[in-house]
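The questions below go through one model, from its helices to its strands. Please keep the structure open while reading the answers.

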Amino acid sequence: MKIKIDRLTQIICIIVCFSAPLSVQAQVNVGLNPPDISWFQINNPDYQVIYPKSRQNDAFRVADLLDRIVSNDSLTLSYPPIRVPIILQNQTVIPNGFVTIGPWRSEFNLNPPQFQFAGTVPWLDMLTIHEYRHVQQVANARRGFAGKSLRVLFGQGGWAFYNRGVMPRWYLEGDAVYAETILSKGGRGRSPDFERAYRALRLSGLNYNYEKASFQSYKDFVPSHYHLGYFLTTYARKNFGADVWDRVLNDTYSKPGLYRFSKAVKNHTGSSTKELYSSAMMDLDHWWNNQDADIFPLESNQLSKSPDKVYTNYRYPNYSSDSSLVVLKSSLSQIRTLYTLRRGTEQKLVIPGVSLSENYSLGGGVLGWNEVRFHPRWSNKTYSVIRLYDLQTGKLRKITSRSRFFGVGLSNDGKWIAAIEVLTTGDVNLVILDAQSGQVNHKTSVPEGDMLSFPRWNDDNRTVIVAGRNLSGNFLNSYDVPTRSWKKLIAPTFNTIDRIYPKGKYVYFSSSRTGVQNIFALDITTTEMFQITDSRFGAFDPAVSPDGRKLAYSEYTAMGFQIRELLLTDALWKQPITAGNLGSNYYLDLIPQEVGDITQNTVKKSHEVAPYKYFTKGLLNIHSWYPFVSTEEFGFGVLSKNIMSTLAINGQFTYNTNENSWKTLVGSSYGAFFPILDIDLSTGQRESNFLLSVTDSVNLYVGKWKEHTFSGGIRLPFNITHGAYPSSISLSSKYRYYLVDYLDGVTDNARDENFGSLDFDFGFLRLQSRAHQNINPRWGQTLKINYQKTLGNTENHGEIFTVNSSLFFPGALANHSLFLTGGYQKEDIVNSYRFEDIFTNARGYSSFPFERIYRVSVNYTLPIWYPDLSIGSLAFFKRLRGNMFYDYSEGDLFGSKVPLRSYGLEIVTDFRLVRLVEVGAGVRLGRKVDDEDYFAEFFITSIRF
């Protein structure tokens with residue numbers, strides 16, 4: 001019994017230690033969708049589907065699939081029954097889906113991706129299978145003594161922590177990828193593109209240990225936990241039975257304790273997680289080595305530079321002339337950037353913004369692509385616009401606004417653009433736009449259920465070739481614009497058809513037809529198909545030179561994608577399509593033990609529907625309660641947020657260590673309309689340093705008082721992101737009413753009164769996107785301004801004005817960063833009310849009341865070492881970084897200048913702790929110049945799961 005109590009104590013202690021990030025997460029945005037959407041719902045004992053009225057057919061499809069999953073007890077995983085709300089989001093263009101706790105719900109972003117990463121399974125079907133598998137998984141964390149106890153102690157926050165703390169990410173995602181693969185005719189487990197990264201690493205001799213494979217690396221590229229998890233969960237099923245993960249989860253949650261999952265794996269497979277990883281990799285090595293014997297790569301020239309140490313990708317080549325290419329380059333230390341590649345030299349062109357399809361097309365000397373744009377207010381409302389870059393002039397322009405266009409294809413003369421339009425209703429159109437004005441010149445709808453991708457013009461500038469997919473498979477069609485007629489080029493197939501490029505009588509494309517992604521050519525006149533490449537790890541992104549003699553493409557290697565080029569000789573048209581044992585068939589032996597494809601046998605049912613009251617439904621939804629600890633405060637909090645994210649409430653009982661006092665506060669934000677409405681209540685005791693003016697002297701004393709406040713205001717958060725710079729502006733105004741009662745015996749009793757104040761805040765942020773190894777953004781600016789002033793002729797008059805800012809610049813090398821921070825504060829401090837102090841002083845110095853104070857800090861940060869060093873399962877050290885700083889601060893008190901200067905060094909290590917959390921922790925060693933004293937401080941930069 002003592003052992004069980006000790007283990008539970010360990011878990012609770014960890015929750016208390018890491019509860020600070022939970023409290024930070026409580027400060028969420030509200031009001032994600034515009035208020036003009038008409039919401040409906042389908043209610044079922046197992047699920048609630050909430051959807052926009054225009055997507056009722058999709059809601060019925062989700063419900064039909066869920067009924068089949070639940071009724072068939074799919075994939076042998078028992079779990080406590082739990083009802084899950086599922087929200088279908090149709091306003092965003094970003095394909096995604098998730099299951100989350102706090103509050104408990106799942107959300108499906110309905111807009112499908114352009115690329116066929118899941119094979120032939122429709123996007124909505126894959127989302128439903130994958131995300132409901134997560135529902136089944138995390139429901140298990142409600143079982144057992146620890147799961148039930150933590151839910152009682154901390155609500156859904158305890159449930160979420162237990163799930164994240166016990167279950168490795170690789171199992172959660174890998175098991176869900178297995179589900180989408182087995183329960184459909186597609187899924188990532190059937191795609192050679194999904195396995196290429198691990199296949200390339202293992203066959204190239206880059207065999208990382210379990211800790212590195214599980215928790216990533218700053219030094220090397222490591223495939224994600226989706227890939228790792230699929231191979232480990234599938235290997236275990238093949239060797240230890242279909243119910244192995246049901247047994248592991250039952251064992252895991254039956255007893256509390258750290259590393260409980262690994263112990264359960266050991267109990268039911270005879271191997272620890274490390275040993276399971278080693279065995280699975282050995283099995284895959286044997287599998288892939290046998291396949292590799294059937295590959296005979298052709299002679300081709302590598303045009304891109306071979307990376308020495310840093311994993312680097314060169315993708316999406318387009319010929320700008322017979323001898324030069326435009327390519328997209330990225331690496332662990334560099335964000336995606338367009339370059340001209342000519343005879344081994346690279347010339348930087350432009351940095352594109354956030355893109356979904358990574359689809360670049362060149363015509364008439366103009367390069368075109370899609371970028372994501374955001375509605376300034378509604379987070380879930382996003383757009384896909386078209387941008388054009390003139391290679392000759394270097395001019396970059398946006399030709400559409402608030403559009404939903406995908407897969408830009410420029411005509412050869414650069415006058416027309418073919419694109420795929422996907423509306424919020426789910427309707428799909430092929431559109432032709434004028435490349436100068438961006439106006440739609442031509443539009444044709446496609447049959448319901450069809451999704452089109454990668455539109456490309458043929459040489460005749462009248463025919464558009466498109467790849468597509470539907471329930472029958474992937475296909476290739478051509479569309480004659482003048483006659484508005486379609487022609488089928490490749491009938492639906494289970495093989496992928498990606499990144500098409502028409503030239504002459506051929507259409508080149510990348511396909512999984514051979515079991516490894518390769519480049520193929522289809523003769524449009526005869527429908528005969530030819531295999532052009534025979535790549536070890538995958539060939540993608542074909543492009544043909546203007547003279548039709550050369551083919552450029554991206555070929556995958558263990559160190560990233562490289563650009564290769566080959567001559568289109570007559571011999572290529574005689575290549576037989578590769579036969580042999582190639583293919584992503586690791587799952588095949590498991591099909592007989594599973595229920596099989598559920599997407600083909602669903603009966604289209606009509607479900608009972610009802611309106612969903614978006615503005616008022618379930619506003620009070622208390623889901624979590626938590627302790628928290630930070631540098632200045634500790635206490636206990638309660639969180640409430642409705643599942644549609646329109647109302648958030650946070651109540652806290654806190655102790656402020658700076659002011660040695662307790663306070664109770666309740667804050668609420670309602671965001672269903674354009675401005676966010678904030679209302680706050682607080683009561684408690686405060687303590688602060690005051691200056692008292694008596695005749696000719698000023699004395700410092702500690703003031704204490706009871707304070708009760710009520711405040712109300714509006715907040716306007718604006719997302720102004722464009723290009724490669726995530727950017728935002730925030731404006732807020734608040735009226736606060738105070739009731740104060742001084743307790744110190746020094747403060748004038750006349751100041752025991754009620755009064756009001758006005759608060760104004762302005763925030764601005766613009767930071768360049770960061771590459772994986774970048775410590776800071778290479779370019780960026782932030783600005784925060786706060787002004788507070790009491791109203792009327794109150795005895796508690798007070799006024800404070802604060803500015804804080806930061807500027808980021810590139811350092812000497814790619815991952816170095818020079819950044820400056822500064823601040824200014826002006827405050828009434830004599831016989832005045834003291835507002836909360838948010839000024840950051842020079843490092844090493846504590847806060848002191850000044851009438852005016854400013855600070856300038858210079859920092860230079862750089863990586864020191866990427867150790868990828870594990871200490872068993874206790875910690876995995878990924879990066880050691882340093883920062884040199886110099887702070888100059890000067891305060892002004894009654895005309896006297898007080899300098900506060902310091903300099904020093906900070907050493908920070910980024911590591912994974914007990915396989916649970918990513919931690920950034922460091923030590924600061926410095927010298928206070930004006931005090932002639934040295935100081936040392938330990939600090940934590942980040943904690944995240």
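This is a predicted model: local features need pLDDT of at least 70, side-chain atom pairs count only at pLDDT 80 or more; totals for chains, interfaces and linings use all residues.

Q: Which residues of H12 are buried?
A: Buried means under 20% relative accessible area, with exposed over 50% and partly exposed in between (1.4 Å probe, protein chains only). By that criterion the buried residues in H12 are Arg 260, Phe 261, Ser 262, Ala 264, Val 265 and Thr 269.

Q: How are H11 and H12 oriented to each other?
A: H11 (residues 244–254) and H12 (residues 260–269) pack at about 135°, their axes 8 Å apart; the axes are lines fitted to C-alpha atoms over the stretch in contact, and angles run from 0 to 180 degrees between N-to-C directions. Angles under 35 degrees count as roughly parallel, over 145 as roughly antiparallel, 65 to 115 as roughly perpendicular and the rest as oblique. The orientation of H11 and H12 is therefore oblique.

Q: Which strands stand at the edges of the open sheet of four strands?
A: Two strands pair if DSSP finds at least two bridges between them. The order in this sheet is S15-S16-S17-S18, with antiparallel pairing. Each edge strand has a single partner strand, so one of its sides is left without a neighbour in the sheet, and the strands in that position are S15 (405–410) and S18 (440–445).

Q: How many bridges join S16 to S17?
A: Strand S16 covers residues 416–422 and strand S17 residues 428–434, and the two run antiparallel. Within this arrangement Val 422 stands opposite Val 428 in S17. The number of bridges joining S16 to S17 is seven.

Q: What is the relative accessible area of Ile 500?
A: Ile 500 lies in strand S23 (residues 497–503). Leaving aside neighbours within four places in sequence, its contacts include Phe 454, Ile 465, Leu 476 and Phe 509. Ile 500 is buried, and its relative accessible area is 2%.

Terms used:
Residues are numbered from 1 along each chain as its sequence is written. Side-chain values use heavy atoms; hydrogens and water are left out. Contact means heavy atoms within 4.5 Å.
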